[in-house]
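Biologist: Please put the model on the screen. I will ask how to read its features one at a time.

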Amino acid sequence: MSDVRIVTEADFEDWQRALATGFLQPPVLTPEELEARRLQFVPGRLLGAFDGGRCVATFRSFAQEVTAVGGGLVPADAISNVTVSPTHRRRGLLTRMMNQDLAAAKERGDVVATLIAAEYSIYGRYGFGPATWSTQWTVEVPRAGLDPRWSGPDDGSRIELVDGAEVRKLGPEFYERFRRTQPGAVSRDELWWQFNTGAARIHSDWTEPFYAVHRAADGEVQGLVAYKSDETWNGKQPDQTASVLRLTATTVAAERALWHYLCSIDWITKVKSGYRGPDDLLPHYLPDPRAARITGHADWLWVRILDVVRALQARTYDGTGTLVLEVVDRAGLAGGRFRLQASPEGASCAPTAESADLTLDIAELASVWLGGESVLRLAALGRVREEREGAARKADALFRSSGRPWCPDIF
Ligand SMILES: CC(=O)SCCNC(=O)CCNC(=O)[C@H](O)C(C)(C)COP(=O)(O)OP(=O)(O)OC[C@H]1O[C@@H](n2cnc3c(N)ncnc32)[C@H](O)[C@@H]1OP(=O)(O)O
């Protein structure tokens, strides 16, 4: 039987080989890739399964914060790098690593665990629910109806091209402001900025994208985009695609200006949006919104609530009401019956012996927690059970939020 345990520095290279194998990537890493990945080594946060001295499964977690509805920051156990080698699949190794990690996260006091799921059907069994969704658009620039003479914003703000070193200087402060405005956004640590600007390279074939920053008239950074272009030249008509890696903005004006900028670059006939929130305004920045075609839509950030009281108290509520929730958690980590008393002034939540209004699984609670799913829809699907008539409608009104959550990052 394989031994599941915390990974030491001595195991690290073997662990990385197993990780690459599990993700069907070339199993031998360059010294530069290994060196960059060592920066992610946090003692106690890497798990592995070992069989006959060889690593056959990998699991990594790290400290993160998730933005709740209303802008509160919630401590999270972010999970990544989950693999089991094909030689050892379906023997319960993932289950053992997950159970160990979630127990440790609960013990540490993390309110939720988060991950981006490779496949939909893997993580529900561990109490995770899809909490944010993402939509990809492709803009057919010639059909968008934008003014072809556009030469940047005319409100005193400006767009500047910058390099990776500059992004590392101005990006973190900007993103700290941004993430407080966006439910579902996750924190980025210093390593994130290094990996995403090429200062440290997990993949040695990394190439520098273009970076453009939007500055308000007073110089404040209000938007940042990283994008790439394909290098096709068909000899006659320029027909290039700009692919957005990330675009975030703290104001609608900055966001609009950056999309307009991308659509105005000479030679660019298509703009691929990357992973946006499902209610992103992008189509409506175009005189003809039909020029933006949806090319992908799927679940994105999955959340596992570890502490119902703190999770429900961390977010804001537009409505006023009291609700008793029976939360079922098969793993025994966070379930129970809770009374939520919410109003725009604040919320309190505590265990209760009162009879329940609504019964739902911990995974369904995660899906409605950030406002990404509606209680009424889950009730219609039979995934939330009303114990009192009208409770689903009441809960729907309480958990509903004015915008859909969005997680711009992959981890
Ligand atoms: C956050 C991230 O890193 S996402 C990346 C996830 N990794 C990958 O997709 C890489 C390729 N896949 C793998 O490495 C493995 O198949 C894993 C990690 C997904 C699963 O590991 P395993 O050790 O085989 O899972 P384990 O044996 O613990 O399975 C537990 C249960 O999940 C089910 N399960 C596991 N993987 C899958 C899957 N891909 N699809 C559907 N069900 C699955 C098993 O059938 C089992 O069900 P049961 O409890 O009803 O018997």
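Biologist: Where is Arg90 found?

Modeller: Helices (H or I, at least four residues) and strands (E, at least two) are DSSP runs, numbered from the N terminus. On that scheme Arg90 sits in the loop between E4 and H3. Positions are counted from 1 along each chain as its sequence is written. The model is predicted, so local features need pLDDT of at least 70 and side-chain atom pairs count only at pLDDT 80 or more, while totals for chains, interfaces and linings use all residues.

Biologist: Is Arg90 buried or exposed?

Modeller: The test counts other C-beta atoms, placed from the backbone, within 10 Å of a residue's own: 20 or more is buried, 12 or fewer is exposed, and in between is partly exposed. Arg90 has 7 such atoms, so it is exposed. Its phi is near 55°, a positive value in a residue other than glycine.

Biologist: Which other residue has a positive phi, near 85°?

Modeller: Trp267 has that phi, and it too is a residue other than glycine. Trp267 lies in the loop between helix H6 (252–264) and strand E12 (268–272). With 13 C-beta neighbours inside 10 Å, Trp267 counts as partly exposed.

Biologist: Which residues does UniProt list for "binding site"?

Modeller: UniProt positions are given in the numbering used here, with shortened feature names, and the annotations may be inferred rather than shown by experiment. For "binding site" the unreviewed entry lists Val82, Thr83, Val84, Arg90, Arg91, Gly92, Leu93, Leu94 and Thr95. Of these, Thr95 is placed in helix H3. Thr95 counts as exposed because 12 other C-beta atoms lie within 10 Å.

Biologist: How many residues surround the ligand, and which are the closest?

Modeller: A residue is near a molecule or strand if its C-beta atom, placed from the backbone, lies within 6 Å of it. Here 23 residues surround the ligand, the closest being Val82, Val84, Leu94, Thr95 and Ala118. Strand E4 (73–84), helix H3 (93–108) and strand E5 (112–116) are the elements that give two or more residues to this shell. E4 gives the most, with six residues.

Biologist: Which residues are listed for "active site"?

Modeller: The unreviewed UniProt entry lists Tyr123 and Phe411. Tyr123 is in the loop between E5 and strand E6 (129–130), whereas Phe411 is in the segment after helix H10 (391–399). Tyr123 counts as buried, because it has 22 C-beta neighbours inside 10 Å. Phe411 has 17 other C-beta atoms within 10 Å, so it is partly exposed.

Biologist: What is Tyr123 in contact with, leaving aside its neighbours within four places in sequence?

Modeller: Two residues are in contact if their C-beta atoms, placed from the backbone, lie within 7 Å. Beyond those sequence neighbours, Tyr123 contacts Leu115, Ala117, Phe128 and Trp302.

Biologist: How is the chain divided into domains?

Modeller: Domain bounds come from an automatic or database domain assignment. Here the assignment gives domain 1 (3–131), domain 2 (135–163 + 208–299) and domain 3 (307–399). The C-alpha centres of domain 1 and domain 2 are 34 Å apart. Separately, the unreviewed UniProt entry places "domain: N-acetyltransferase" at residues 2–153. That stretch is 23% helix and 34% strand, with its end C-alpha atoms 60 Å apart.

Biologist: Where does the largest nonpolar core lie, and how many residues has it?

Modeller: In soluble globular proteins, nonpolar side chains tend to be buried together. A nonpolar core is a set of buried Ala, Val, Leu, Ile, Met, Phe, Trp, Tyr and Cys residues joined through C-beta atoms within 7 Å. The largest one here has 79 residues, and Val112 and Ile305 have the most contacts inside it. Domain 1 and domain 3 both give residues to this core, so it lies between them. A second, separate core of 33 residues includes Leu224, Ala249, Leu258 and Val271.

Biologist: Where is Leu301 placed, and what does it touch?

Modeller: Leu301 is in strand E14 (residues 301–305). It is buried, with 30 other C-beta atoms within 10 Å. Not counting residues up to four places away in sequence, Leu301 touches Thr114, Ile116, Ala131, Thr132, Gly184 and Cys407. Leu301 and Thr132 are 169 residues apart in sequence but 5.1 Å apart in space, C-alpha to C-alpha.
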